[in-house]
Amino acid sequence: MKPGEVDLGTTIMAVQYADGVIVGADSRTTTGSYIANRVTDKLTPVHDRIFCCRSGSAADTQAVADIVQYYLQMFAMTEGEPPSVHTAASLFQELCYQNKDGLSAGIIVGGWDKHNGPSVYSIPLGGSIHKQPFAIGGSGSTYIYGYCDAHYKDNMTKEEAVAFTKNAIALAMSRDGSSGGVIRLAVITKDNVERIFTPGDKLPTFWEG
């Protein structure tokens, strides 16, 4: 981080389930040990049915997301149809890879399109791209790899996927000092995008010693 830069020390997550994709994140933005914003929205729509989750530098990820959103709007107008999730993820990958020495950006892209249905892509630091059934990222993700590996299953129902995502993010928030606040989820399906908000006093609770 450059001096004074705001860090999305973060927990972000996306999960593919039977009918769609759930993207989720905590809401804490830090400048060193100071919490600059406790209710950040790290879920950024880049098209009607495509969201990205941002981790790393707030400035870098906002700039990249704005550029991708612009290109996807141009694509939709020129092609006469919405872009695929793969198109959006490939744009993020290209921007992150070509500028990897100057950016601090770890991004997860999730959404629904008519060609592939629900899909999730991870673009970690360095600008590689990975299609996965679920993806986790940010500083808090290191605490929940075991939980996610143990509890993920293919073709979950919406209710199962929401509970899985919410529990994973809550567990990361309880361990990671750079993650906290509230949990924001977006459920993306063929028909719509449903936002789910979980305030800090309604988070799932687990053993905390």
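A cavity is a set of points, on a 1 Å grid over the protein atoms alone, where a 1.4 Å probe fits but cannot get out, and lining residues have an atom within 4 Å of a point. The legends below describe a predicted model, in which local features need pLDDT of at least 70, side-chain atom pairs count only at pLDDT 80 or more, and totals for chains, interfaces and linings use all residues. Residues are numbered from 1 along each chain as its sequence is written, and side-chain values use heavy atoms, with hydrogens and water left out.

View 1. Rolling a probe the size of a water molecule over the atoms shows where empty space is left. The structure holds one cavity of 30 Å³ or more. The largest cavity has a volume of about 30 Å³, a volume being the space filled by probe spheres set on the points, with grid points joined across faces, edges and corners. Its lining consists of Cys96, Lys100, Leu103, Ala105, Pro124, Leu125, Gly126 and Gly127. By class, five residues of this lining are nonpolar, two are polar and one is charged. Here Ala, Val, Leu, Ile, Met, Phe, Trp, Tyr, Cys and Pro count as nonpolar, Asp, Glu, Lys and Arg as charged, and the others, Gly among them, as polar.

**View 2. Gln93 and Gly127.** Gln93 belongs to helix α2 (residues 85–98), whereas Gly127 is in the loop between β9 and β10 (130–132). Helices (H or I, at least four residues) and strands (E, at least two) are DSSP runs, numbered from the N terminus. The side chain of Gln93 reaches the backbone oxygen of Gly127 at 2.9 Å. This is a polar contact, defined as a pair of N or O atoms within 3.5 Å; within protein, one must be able to donate a hydrogen and the other to accept it, and residues adjacent in sequence count only if both atoms are side-chain atoms. Neighbours within four places in sequence aside, Gln93 is in contact (heavy atoms within 4.5 Å) with Ile123, Gly127, Ser128 and Ile129. With the corresponding neighbours of Gly127 left aside, Gly127 is in contact with Gln93, Cys96 and Tyr97. Gly127 has 3% relative accessibility and therefore counts as buried; buried means under 20% relative accessible area, exposed over 50%, and partly exposed in between (1.4 Å probe, protein chains only).

**View 3. The largest pocket.** A pocket is an open set of grid points with protein on both sides within 12 Å along at least five of seven lines. The largest pocket has a volume of about 210 Å³. Its lining comprises 21 residues, and Ser55, Gly56, Gly106, Gly137 and Gly138 lie nearest its centre. Elements giving two or more residues to this lining are β1 (7–8), β7 (50–57), β8 (105–113), β9 (117–123) and β11 (134–137). The most comes from β8, with four residues. The lining has ten nonpolar, ten polar and one charged residues.

View 4. A pair of aromatic rings is described by the distance of the centres and the angle of the planes. Rings of Phe, Tyr and Trp (its six-membered ring) pair if their centres lie within 6.5 Å; planes under 30 degrees apart count as stacked, over 60 as edge-to-face and the rest as tilted. A search of the whole structure finds five aromatic pairs. In one of them, the ring centres of Phe134 and Tyr152 are 4.9 Å apart and the planes are at 35°, so the pair is tilted. Phe134 lies in strand β11 and Tyr152 in the loop between α3 (145–151) and α4 (158–175), so the pair ties together parts that are 18 residues apart in sequence. Tyr152 also forms a tilted pair with Phe164, at 6.1 Å centre to centre and 55° between the planes. Phe164 is in helix α4, twelve residues from Tyr152. Phe134 and Tyr152 are buried, as are both Tyr152 and Phe164. Phe134, Tyr147, Tyr152 and Phe164 form one aromatic cluster.

**View 5. Asn155, with positive phi.** Asn155 is in the loop between α3 and α4. Its phi is near 55°, a positive value in a residue other than glycine. At 64% relative accessibility, Asn155 counts as exposed.

**View 6. His47 in its strand.** His47 is found in strand β6 (residues 43–47) and, at 16% relative accessibility, counts as buried. Apart from neighbours within four places in sequence, His47 is in contact with Leu72, Gln73, Ala76, Pro82 and Pro83.
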